[in-house]
Amino acid sequence: MKPQEVLDQYHVVMQEEARGNPEPLKAMFSHRDDVTFASAFGPAVRGWKQVCDAVYPDSAAGSEITSFERLAEYVTSDLITILEIERWRTKFGDSEELVPYHMRATSTFRREDGTWKLVSRHTDPIGDLHPGLEEFVRRQEAQARERERIEQEMRVAQVIQHNFLPREPPDVPGWEFAAHYQPAREVGGDFYDFIPLPSGALGIAVGDVTDKGVPAAMMMASTRSVLRAAAPRLVSPGEVMERVNEVLCPDMPPKMFVTCLYGVLNPETGQLRFANAGHDLPYVKTAEGVVELRARGMPLGLMPGMHYEEKQATLEPGDSVLLHSDGIVEAHDPGRDMFGFSRLKETMADAPPGQELIDRVLGDLEVFMGSGAVQEDDITMVTLRRLAGAVGVSASFGGGVLADFEVPSAPGNERGAIERVMRAVGGLGLDSARVERLKTAVGEATMNAMEHGNRYRADRPVSIRVLRCGGCVRVRITDRGGAGELAETEAPDLEAKLEGRQQPRGWGVFLIEKMVDEVRVTSEGDGRTVELVVYLKEAADGRR
Amino acid sequence: MAAGELRAAVRERDGVAVIDLVGDVNASAEEALNDAYARATASRLGAVALNFERADYINSTGIALIVGLLAQARTRGIEVTAFGLSDHYREIFEITRLADFMTITDSEQRAVSGATGGTDA
């Protein structure tokens with residue numbers, strides 16, 4: 001196509017835009033990242049998707065362009081830049097009046113793969129604006145500011161949601177874990193989780209909330225919390241799904257539900273027990289090939305009283321598992337064909353396991369969807385692999401047990417517990433401030449266990465296990481006082497205490513939570529465990 | 001007296017009652033701390049300085065005892081200062097907000113001069 005033909009077509013496209021049909025203009029824009037669009041009706045934007053969002057049909061619907069006056073042009077074999085006066089008669093807001101409105105428009109086209117594409121369109125109003133149009137521009141600017149505010153909130157929501165996901169895969173001797181999470185929008189409805197269980201097993205979950213965006217993200221957060229609460233209290237994955245379903249059902253919005261695959265891995269034996277609430281089937285790769293792990297169950301939140309089939313597989317050294325969300329298999333190519341289960345299965349068969357598998361799947365998806373394709377749905381993958389030659393690893397995943405002892409429940413015995421924990425973590429390189437904080441947390445948690453859990457009964461000692469896990473140390477303090485909340489539920493308020501409105505006591509749980517990086521409370525049988533987690537080094541985000 | 005059990009001695013310096021705490025500030029410290037506070041305030045001095053230089057261990061019950069002592073002092077208009085806290089316990093005094101209600105200094109000199117409105121020059 002000759003340059004003049006390109007410009008003639010551009011003018012036709014702009015007339016369509018003026019009438020209220022922005023699609024031809026969007027189609028004329030290059031899909032590359034460097035495209036820009038700027039007008040008086042909103043902020044300048046960069047990138048094809050952003051440009052498409054910024055080309056508002058309502059800014060021009062029912063308008064017309066009465067003439068294009070070329071002021072300058074620059075034409076090469078692969079670049080056209082023109083400066084024109086566009087004389088519009090435009091409607092604004094709800095007004096039916098056509099108001100004269102002139103713009104200086106600078107447009108640039110680039111030849112891409114033999115086709116001329118619009119890469120920038122920048123316009124400025126010329127002369128005095130009609131008062132009504134001025135008001136309309138002001139409203140548009142206010143809307144742009146509002147959009148910016150919403151986008152800022154979404155960025156914050158994205159950070160919050162990201163914090164719901166595990167900071168890093170668990171470090172279990174003899175096992176390798178990897179995960180990938182890629183929401184389609186700023187926030188998504190997929191989630192995954194690794195949940196250390198009191199027995200030394202590891203809970204592994206992948207879930208997908210119907211819908212995308214904020215509603216899905218909120219339901220994702222809720223589901224994750226319910227799952228985290230249920231998982232340590234129940235041994236059976238099927239019972240965990242039943243419990244989560246019962247809790248979610250009353251509050252699930254219409255037309256929403258959650259699919260979830262939840263498994264409990266015994267790192268020592270390789271046994272993986274799992275239940276499936278309507279989620280895409282995970283794949284297991286063994287020496288025999290790749291097969292699905294099947295278990296039946298309805299999605300969560302649809303109806304109460306559901307039962308979930310529970311199955312188990314034993315992973316031998318060298319075996320690996322891929323858990324995934326439907327954003328992979330339901331991705332489309334430009335011809336609207338789906339990626340499908342068979343492609344995913346083939347990729348798993350061909351690729352090495354772990355992070356390399358995740359990278360291969362993402363690479364295959366990119367090629368399949370084509371350049372510039374917009375991700376339609378959230379994408380989540382979790383892989384686990386039993387390392388070859390790894391048999392008989394410690395059931396206490398996380399790098400081994402550094403100490404395992406009991407303390408009789410008697411006042412003052414927390415000092416002995418602190419000393420033994422300190423001896424256990426002595427060689428881990430914790431800095432002195434973290435050591436001091438851990439001492440306080442261990443002392444307080446042990447005191448709580450002896451006093452509130454075991455009620456200082458001589459026949460009920462407190463059990464303490466110290467575990468090393470990759471980048472952290474875990475101290476598990478278990479009483480035998482039965483399940484329940486920690487002793488203090490009211491947040492201490494010093495002013496209230498000084499004025500006699502609160503008891504002077506009640507600082508224990510507060511101090512525990514302030515002293516360590518994570519606190520988890522779980523119950524099993526008549527034992528309640530408080531797990532204190534301290535990272536060996538300060539986190540990059542400044543957390544202690 | 002068991003090992004670590006708190007001993008609390010009271011002395012006067014420049015019009016301030018200094019309570020020297022030696023040992024653990026925990027549940028077993030209640031009697032010693034309250035006795036010391038009673039002696040410190042019996043002489044009608046306007047300020048009390050708690051010396052934590054030799055207090056090895058302070059737990060949540062110890063914090064509660066200090067809160068109780070501070071509450072009593074406030075009702076009588078007695079200023080309470082503290083000095084000699086390690087970095088760790090200073091952090092705990094800050095996160096519990098005790099540091100908002102009592103002046104915490106590095107040295108006895110600063111604690112005493114601060115309590116009496118003087119300078120430590």
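Predicted model: local features only at pLDDT ≥ 70, side-chain atom pairs only at ≥ 80, totals over all residues.
Local features need pLDDT of at least 70, side-chain atom pairs count only at pLDDT 80 or more, and totals for chains, interfaces and linings use all residues; side-chain values use heavy atoms, with hydrogens and water left out. Residues are numbered from 1 along each chain as its sequence is written, while chains are lettered from A and ligands numbered from 1 in the order in which they are written.

## Where the chains meet

Let us start with the interface. Here 20 residues of chain B are in contact with 22 residues of chain A, contact being heavy atoms within 4.5 Å. The area buried between the two chains is about 1900 Å², and carbon and sulfur atoms give 64% of that. Buried area is the accessible area (1.4 Å probe) that two parts lose on being put together, summed over both.

Across this interface the rule finds 6 residue pairs in polar contact, both residues being at pLDDT 80 or more. A polar contact is a pair of N or O atoms within 3.5 Å; within protein, one must be able to donate a hydrogen and the other to accept it, and residues adjacent in sequence count only if both atoms are side-chain atoms. On the side of chain B that touches chain A, the elements giving two or more residues are α2 (60–75), α3 (87–95) and α4 (98–101) of chain B. Of these, α2(B) gives the most, with 9 residues. By class, that side has 10 nonpolar, 6 polar and 4 charged residues. In this scheme Ala, Val, Leu, Ile, Met, Phe, Trp, Tyr, Cys and Pro count as nonpolar, Asp, Glu, Lys and Arg as charged, and the others, Gly among them, as polar.

The rule also finds 3 salt bridges across the interface, where a salt bridge is a side-chain nitrogen of Lys or Arg within 4 Å of a carboxyl oxygen of Asp or Glu.

## Chain B on its own

Chain B has 5 helices and 5 strands, arranged along the sequence as β-β-α-β-α-β-α-α-β-α. Helices (H or I, at least four residues) and strands (E, at least two) are DSSP runs, numbered from the N terminus. Of the 121 residues in chain B, 54% are buried; buried means under 20% relative accessible area, exposed over 50%, and partly exposed in between (1.4 Å probe, protein chains only).

Strands β1 (residues 7–13) and β2 (residues 16–25) of chain B pair in the antiparallel sense over 7 bridges, and two strands pair if DSSP finds at least two bridges between them. They form a hairpin with 2 residues between them, and D14(B) in the turn has a positive phi of about 50°. R13(B) stands opposite V16(B) in β2(B). R13(B) and D14(B) also belong to a network of salt bridges that links them with R11(B), D20(B) and E108(B).

Strand β7 (residues 175–182) of chain A pairs with β16(A) in the antiparallel sense over 8 bridges, with T380(A) as the bridge partner of Y181(A). Strand β15 (residues 320–324) of chain A also runs antiparallel to β16(A), joined by 5 bridges; there V321(A) has L384(A) as its bridge partner.

Helix α5 (residues 213–230) of chain A holds T223(A), which is buried with a relative accessible area of 1%. Its side chain reaches the backbone oxygen of M219(A) at 2.8 Å. Not counting residues up to four places away in sequence, T223(A) touches F191(A), V244(A), L248(A) and V258(A).

## Salt bridges side by side

Over all chains, the count comes to 42 salt bridges. Among them are these:

| Salt bridge | Closest N and O atoms |
|---|---|
| E91(B) and R437(A) | 3.1 Å |
| E69(A) and R87(A) | 2.5 Å |
| R385(A) and E176(A) | 3.1 Å |
| R224(A) and D193(A) | 3.9 Å |

R224(A) lies in helix α5 of chain A and D193(A) in strand β8 (residues 190–196) of chain A, so this pair ties together parts that are 31 residues apart in sequence. Both R224(A) and D193(A) are buried. By contrast, R385(A) counts as partly exposed at 23% relative accessibility, and E176(A) is partly exposed with a relative accessible area of 28%.
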